[in-house]
Amino acid sequence: MNPLVFLTKQTLAYIAIGLVALGIGGFALFKNGNDRETFTVRVAPYVQEVSVSGKVAAAESVNLGFSQGGRISRVYVKAGDAAGEGRVLAELENGDLRAAVLQKEATLEREKAKLDSLKAGTRAEELAVAEADVTGDREALLNEIRKSYTSADDAVRNQLDKFISNPRTASPQLTFTASDSQVVTDVQNGRVSVEQTLVEWKAANGALSASSDLAAAAAAAQ
């Protein structure tokens with residue numbers, strides 16, 4: 001018996017469509033001597049070939065860059081390497097930044113030490129020394145205020161008054177003649193004003209002590 005199966009064109013079309021849909025076979029087409037188209041059906045994988053041109057693009061991409069400009073000192077990867085999250089790819093020269101960081105860290109440690117000292121409190125011995133220093137400074141300032149009065153009193157009553165008669169009265173007079181009468185008048189009037197100032201200053205100094213408002217007394221002395 002001839003193994004070829006004779007089918008009509010319409011039947012062959014149905015079979016071809018069915019094989020394509022199922023993807024389980026192929027077929028061969030040829031003609032016999034009776035001008036009938038004959039197909040041989042056999043089981044085989046269905047292969048479809050497609051030839052296209054195009055460009056390959058990554059599904060995800062990202063542009064990398066440093067937040068600051070500078071010279072690259074190290075590169076840890078090369079083209080094609082896999083780089084996971086958190087991996088360092090490259091470094092910039094950062095000597096200046098490291099120095100600045102170290103300086104800030106030193107400053108921070110110093111301030112922490114000060115804070116710890118304040119939290120710990122001051123010892124009684126240190127307080128006593130500080131109080132003694134303050135008392136000594138106030139005594140020294142009080143002495144300087146009194147010395148300033150003594151110097152002013154000497155300059156006026158011992159040095160200037162050698163040239164003035166009745167210096168501590170309301171009518172002091174120069175003991176020599178001057179060509180400029182206005183200068184003579186100014187000196188004599190000024191002597192009256194200075195006498196009142198010296199009297200008030202001496203009384204104020206007598207009421208001063210180390211616990212007084214020495215800042216105001218020093219301003220008055222100046």
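Predicted model: local features only at pLDDT ≥ 70, side-chain atom pairs only at ≥ 80, totals over all residues.

Q: How many aromatic pairs does a search of the whole structure find?

A: It finds 2 aromatic pairs. In one, the ring centres of Tyr149 and Trp201 are 5.4 Å apart. Their planes sit at 80°, so this pair is edge-to-face.

Q: Where do Tyr149 and Trp201 lie?

A: Tyr149 is in helix 3 (residues 124-159), and Trp201 is in helix 4 (residues 181-206). The pair therefore ties together parts that are 52 residues apart in sequence.

Q: Is Trp201 buried or exposed?

A: Buried, because its relative accessibility is 16% and the cut-off is under 20%.

Q: And what about Phe163 and Phe176?

A: They form an edge-to-face pair, 6.3 Å centre to centre with 85° between the planes. Phe163 lies in the loop between helix 3 and strand 5 (164-165). Phe176 lies in the loop between strand 6 (173-174) and helix 4. So the pair links parts 13 residues apart in sequence.

Q: How accessible are Phe163 and Phe176?

A: Phe163 is partly exposed, with a relative accessible area of 44%. Phe176 is partly exposed too, at 43%.

Q: New topic. Which residues make the nonpolar surface patch?

A: Phe66, Ile72 and Val75 make it, and it covers about 290 Å². Ile72 is in strand 3 (residues 72-75). Ile72 is partly exposed, at 47% relative accessible area.

Q: Last one. What follows helix 2?

A: Gly121, with a positive phi near 90°.

Note on methods
Residues numbered from 1 in each chain as written. Heavy atoms only, no water. Helix = DSSP H or I, 4+ residues; strand = E, 2+ residues; numbered from the N terminus. Patch = residues over 30% accessible without salt bridge, like charges linked within 9 Å, V, L, I, M, F, W, Y side chains within 5 Å. Areas by Shrake-Rupley, 256 points an atom, 1.4 Å probe, with all protein chains shown as cover. Salt bridge = Lys/Arg side-chain N within 4 Å of Asp/Glu carboxyl O. Buried < 20%, exposed > 50% of the residue type's maximum accessible area, 1.4 Å probe, protein only. Phe/Tyr/Trp six-rings, centres within 6.5 Å; stacked < 30°, edge-to-face > 60°.
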